[in-house]
Amino acid sequence: MIRIAIDCMGGDHGLPVTVPAAVVFCRKQPLASILLVGNAPEIEARLAGVAADVRERLRVVHASEVVTMDDPVEVALRRKKDSSMRVAATLVKEGEADACLSAGNTGAWMAISRYVLKTLPGIDRPALTASIPNGQGGATTMLDLGANVDCSAEHLLQFAIMGAALVSALEGKERPRVGLLNVGEEVIKGNDVVKEAAELLRASSLNFRGNVEGNEIFRDSVDVVVCDGFVGNVVLKATEGLAKMIGGMMSYEFKRDLPSKLSGLAAKPVLDRLRELFDSRRYNGAALLGLRGVVFKSHGSADAFAFGWALQRTYDAVAGNLRARTTEAMAALASGPTTAPQEVRAS
């Protein structure tokens with residue numbers, strides 16, 4: 001049984017999303033047990049009528065405080081010590097849950113998770129990672145996405161190790177392809193930090209495919225793309241904005257006049273498949289890697305469908321032994337340099 005603690009009060013919607021998503025997930029996944037953390041009377045009221053076989057795997061854990069989306073990190077971390085966020089992370093620390101998930105305040109969730117769980121040996125900073133659709137029916141894992149704006153070459157190496165461990169856990173790939181985001185594929189390209197990181201990656205045992213440019217994120221040429229949090233966050237937000245713009249333009253063009261509407265009807269099956277393929281809700285669930293516990297972050301505006309996908313990713317990370325894989329990879333790095341195969345270009 002895999003136990004997941006949910007901060008039920010977090011996010012833009014809170015209980016109307018988190019509780020129904022947890023119920024549906026438990027119906028689909030018989031080996032899941034969910035700890036619903038938050039205002040116990042309110043949670044219990046929303047569980048009325050749930051079938052007994054599902055209800056027995058939904059445990060309510062009371063928390064008297066809520067971290068709002070506008071709370072400063074200091075308030076969330078120092079003053080609200082009985083928040084649903086803090087209790088959920090503590091359940092993982094105390095071994096009562098295998099992972100925790102929140103849709104709440106990102107900065108507060110990262111700070112609380114790091115404070116409560118601490119980092120794994122060899123990890124200096126946790127990294128935020130998510131999957132981006134690559135247009136080939138799959139997704140590319142990218143990190144860091146904003147947890148660390150300024151990074152050293154050693155940090156980028158650690159991100160690569162953590163990202164590879166995540167892909168191995170979620171997708172079963174034992175040697176995921178790793179690329180370093182740069183302004184060009186050539187070895188001489190990039191700033192000093194990126195150049196040094198490339199040298200460290202080449203000397204590691206990772207399946208390093210060299211420098212990759214931004215367009216490689218969407219070409220399935222690598223499984224993991226590594227960058228600092230400043231660049232990663234800009235890429236993520238730009239990608240989200242571009243996707244919305246293209247979707248809006250297509251909708252407008254297919255409704256512009258009668259011939260366009262008829263063309264839209266003819267193309268509807270293809271458009272529906274594309275809409276499903278690039279539905280951002282199916283990629284919801286960002287992992288906060290490098291902690292002594294499995295921690296995931298859902299998008300704050302997620303609906304129940306999207307939150308369910310974040311739950312599934314959290315479950316899969318535990319089932320795939322994410323923490324053990326990361327620990328083993330960091331231990332191998334600490335044991336000394338290895339001789340890696342010759343770098344292979346992503347293109």
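Which residues of strand S6 are on one side and which on the other, and are they buried or exposed? Ala139, Thr141 and Leu143 sit on one side, Thr140 and Met142 on the other, and all of them are buried, so both faces of S6 are covered. Welcome to this structure, which is a predicted model.

## A covered strand and its partners

Strand S6 takes in residues 139-143, and five of its five residues are buried. Two strands pair with S6. Strand S5, made of residues 127-133, runs antiparallel to S6, and five bridges join them. With strand S9, residues 224-226, the pairing of S6 is parallel and has three bridges.

Opposite Met142 of S6 stands Ala130, while in S9 the bridge partner of Met142 is Val225.

## Helix H7

Next, turn to helix H7, which covers residues 153-171. From the first C-alpha to the last, the 19 residues of H7 reach 27 Å, close to the 27 Å expected at 1.5 Å a residue. How many of the 19 residues of H7 are buried? The count is 16, so H7 is largely enclosed by the rest of the structure. Just after H7 comes Gly172, with a positive phi of about 75°.

## Ser260 in helix H10

Ser260 belongs to helix H10, residues 258-277. Its relative accessible area is 12%, and because buried means under 20%, Ser260 is buried. Leaving aside neighbours within four places in sequence, Ser260 is in contact with Glu253 and Phe254.

Glu253 is partly exposed, with a relative accessible area of 37%. Arg256 counts as partly exposed too, at 47% relative accessibility.

## Two aromatic pairs

How many aromatic pairs does a search of the whole structure find? There are two. In one of them, the rings of Phe25 and Tyr315 have centres 5.9 Å apart and planes at 70°, so this pair is edge-to-face. Phe25 lies in helix H1 (residues 15-28) and Tyr315 in helix H11 (residues 304-319), so the pair ties together parts that are 290 residues apart in sequence. Phe25 counts as buried at 5% relative accessibility, and Tyr315 counts as buried at 8%.

The other pair is formed by Phe305 and Trp309, with ring centres 6.4 Å apart and planes at 65°, so this pair is edge-to-face. Both of these residues lie in helix H11, four residues apart, which is about one turn of the helix. As a rule, an α-helix has 3.6 residues a turn, so residues three or four places apart point the same way. Phe305 is partly exposed, with a relative accessible area of 34%, and Trp309 is partly exposed at 30%.

A ring also features in one more arrangement: Lys118 lies over the face of Tyr115, at 5.0 Å from the ring centre.

## Salt bridges

The salt bridges in this model come to 14.

| Salt bridge | N to O distance |
|---|---|
| Glu96 and Arg59 | 2.9 Å |
| Arg177 and Asp223 | 3.0 Å |

Glu96 is partly exposed, with a relative accessible area of 30%, and Arg59 is partly exposed at 40%.

Arg177 and Asp223 also meet in a salt bridge, and this pair links distant parts of the chain, 46 residues apart: Arg177 is in strand S7 (residues 177-181), and Asp223 is in the loop between strand S8 (207-212) and S9. Asp223 counts as buried at 5% relative accessibility.

Which residues do salt bridges that share partners join into one network? They are Glu171, Lys173, Arg177, Asp220 and Asp223.

Notes. Residues numbered from 1 in each chain as written. Predicted model: local features only at pLDDT ≥ 70, side-chain atom pairs only at ≥ 80, totals over all residues. Heavy atoms only, no water. Buried < 20%, exposed > 50% of the residue type's maximum accessible area, 1.4 Å probe, protein only. Pairing = 2+ DSSP bridges. Expected span 1.5 Å × (residues − 1). Contact = heavy atoms within 4.5 Å. Phe/Tyr/Trp six-rings, centres within 6.5 Å; stacked < 30°, edge-to-face > 60°. Lys NZ or Arg CZ within 6 Å of the ring centre and 35° of its normal. Salt bridge = Lys/Arg side-chain N within 4 Å of Asp/Glu carboxyl O.
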